[in-house]
Amino acid sequence: MASSARLLALAAALLAAVLLAAAPGADALRSLGVGEDAAAAAQGDAAVDLNATTFDAFLGAVREPFVVVEFFAHWCPACRNYKPHYEKVAKLFNGQDAAHPGRVLMARVDCALKANIDLCSRFSVDHYPFLLWGPPTKFVSAKWDRKQEKSEIKLIDDGRTAERLLKWINKQIESSFTLDDKKYENENILPKNATDPEQIVRAIYDVEEATAHALQIILEHKMIKPETRDSLVRFLQILVAHHPSKRCRRGSAELLINFDDHWPSNISLSSQESSRMLESVETDDYKICGKEVPHGYWMFCRGSKSETRGFSCGLWVLLHSLTVQIGDGESQSTFTSICDFIHNFFICEECRKHFYGMCSSVSVPFKSARDLSLWLWSTHNKVNERLMKDEKDLGTGDPSFPKVVWPPKALCPSCYRSSSGTGDEAVQVDWNEDEVFSFLVNYYGKTLVSSYKETYVESQEKKHVMPLSDDASSGAARVPIGAALGVAAASCIFGALACFWRAQQKNRKYSYRLHSLKKI
């Protein structure tokens with residue numbers, strides 16, 4: 001009987017998780033057995049009301065990396081006065097109109113209800129309102145008190161106003177959200193994208209997500225093979241030196257330092273041994289740009305439909321950013337690395353072939369960053385022209401973001417000497433390439449990179465952590481590609497020692513690893 005009861009409890013928990021994924025918000029609460037009154041309240045409130053019955057099942061199934069739980073009592077005057085403050089913050093993260101969905105879940109528990117007394121005791125609630133922070137799964141079937149030193153659950157001791165609570169959350173997740181942030185609406189942002197150069201600062205997060213997603217695809221599809229290995233190493237070297245995001249540069253350097261451990265070049269492994277090595281990377285849950293990079297929440301690159309823009313847009317922004325930051329001596333090697341990366345690791349077959357065909361048509365080596373930047377810009381416009389026709393014929397384009405020649409005249413009027421063609425005709429532009437290059441450098445270089453300095457570096461300074469110099473990106477831009485790993489060492493402090501150690505010890509390590517694998 002006891003065994004049957006446990007099975008029933010397990011089945012109920014699994015059913016709760018399924019229902020939660022399929023029915024967010026108030027519907028999810030009804031699915032979990034919450035009464036109509038509470039569910040109706042949830043429709044008006046952004047924060048999710050939980051109780052002893054729903055608490056563990058709900059937090060065990062949500063996808064947000066962090067949760068704030070407010071323990072309160074409905075009879076408490078201070079709690080009633082605090083609710084508008086808590087709701088202001090909750091509306092930023094919860095609900096259909098959230099400005100930053102998927103980052104933090106805001107929940108609450110009414111400790112004045114008899115059914116919740118034991119739940120509130122589990123978390124040592126001794127005053128109201130009482131706020132706790134942590135990963136949702138850490139709350140499931142857990143107990144907490146102030147004396148726990150290593151717990152991932154934290155007491156929020158400075159959140160008595162909406163402003164102070166959001167400031168506390170920003171510090172935890174290294175963000176710079178404000179109470180005035182609004183839901184990203186594509187139809188409102190489109191004109192700004194076309195006329196406001198400052199909108200590109202939003203793309204820094206998209207570039208990070210695109211970088212992380214590209215590595216995820218490579219790992220999931222087991223695309224690192226003896227014939228593709230070197231091209232990934234060369235591309236990672238460029239990311240180490242020139243990625244606009246510091247945390248992506250650090251992550252790329254770390255991956256390079258450990259690359260031979262995961263994908264050795266001088267040992268012939270069986271397919272079974274290769275699979276084990278690959279699994280060791282995947283089980284480490286490696287994050288090339290850090291653990292806080294969002295997934296699926298595109299900002300500058302968000303389309304009006306889920307299947308448009310997103311990853312491909314973020315990848316284009318990354319490539320443009322790389323080409324405007326390199327030194328002249330790196331132009332040809334960067335061109336080769338970009339072409340080989342797309343050829344070997346971009347999973348869209350038709351796109352890959354078209355891009356590599358344009359790479360193959362280049363007959364003269366690049367001698368300057370200007371030439372490479374303009375080639376990529378011209379190539380991007382050719383891709384847009386081809387897709388413009390295809391999407392029109394098939395009706396597959398994004399109606400809010402139709403393909404256009406780039407940059408549009410509203411964004412860079414000095415880039416145009418003259419233009420012709422309207423309606424269904426292809427637009428013919430006499431470009432001022434000096435002005436185009438100047439625009440690209442400012443748009444994808446200075447403006448994009450500065451946006452990262454204004455967020456990440458400031459958050460590090462608040463934590464009294466010494467950040468990289470603001471000149472790191474501009475200095476790195478003149479380092480030859482062969483020295484890219486050296487740049488990583490300088491920016492990561494431990495890099496030089498790690499690289500030296502790897503060079504001296506890798507043969508011994510490989511022999512040991514191979515011997516260990518054969519024992520398994």
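Tutor: Buried here means under 20% relative accessible area, exposed means over 50%, and partly exposed lies in between, with a 1.4 Å probe and protein chains only. This is a predicted model, where local features need pLDDT of at least 70 and side-chain atom pairs count only at pLDDT 80 or more, while totals for chains, interfaces and linings use all residues. Residues are numbered from 1 along each chain as its sequence is written, and side-chain values use heavy atoms, with hydrogens and water left out.

Student: OK, cysteines. How many disulfides are there in the whole structure?

Tutor: Searching the whole structure gives five disulfides. The cut-off for a disulfide is a pair of cysteine sulfur atoms within 2.5 Å.

Student: Which residue does Cys248 pair with?

Tutor: Cys289, with an S to S distance of 1.9 Å. The angle about that S-S bond is 115°, a right-handed link.

Student: And what does the pair tie together?

Tutor: Cys248 sits in helix α12 (residues 246-257), and Cys289 is in the loop between α14 (271-283) and α15 (311-325), so the bond connects parts 41 residues apart in sequence. Helices are DSSP runs of H or I with at least four residues, strands are runs of E with at least two, and both are numbered from the N terminus.

Student: Are Cys248 and Cys289 buried or exposed?

Tutor: Cys248 and Cys289 are both buried.

Student: What about Cys301?

Tutor: Cys301 forms a disulfide with Cys313, and their sulfurs are 2.1 Å apart. This link is left-handed, at -65° about the S-S bond. It joins distant parts of the chain, with Cys301 in the loop between α14 and α15 and Cys313 in helix α15, twelve residues apart. Cys301 is buried at a relative accessible area of 0%, and Cys313 is buried too, at 13%.

Student: Switching to Cys412, which hand does its disulfide with Cys415 have?

Tutor: The torsion about the S-S bond is about 75°, so the Cys412 and Cys415 disulfide is right-handed. Its S to S distance is 2.0 Å, and Cys412 and Cys415 are both buried.

Student: What pattern do the disulfides follow along the chain?

Tutor: Counting bonded cysteines along the chain, the pattern is 1-2, 3-4, 5-6, 7-8, 9-10.
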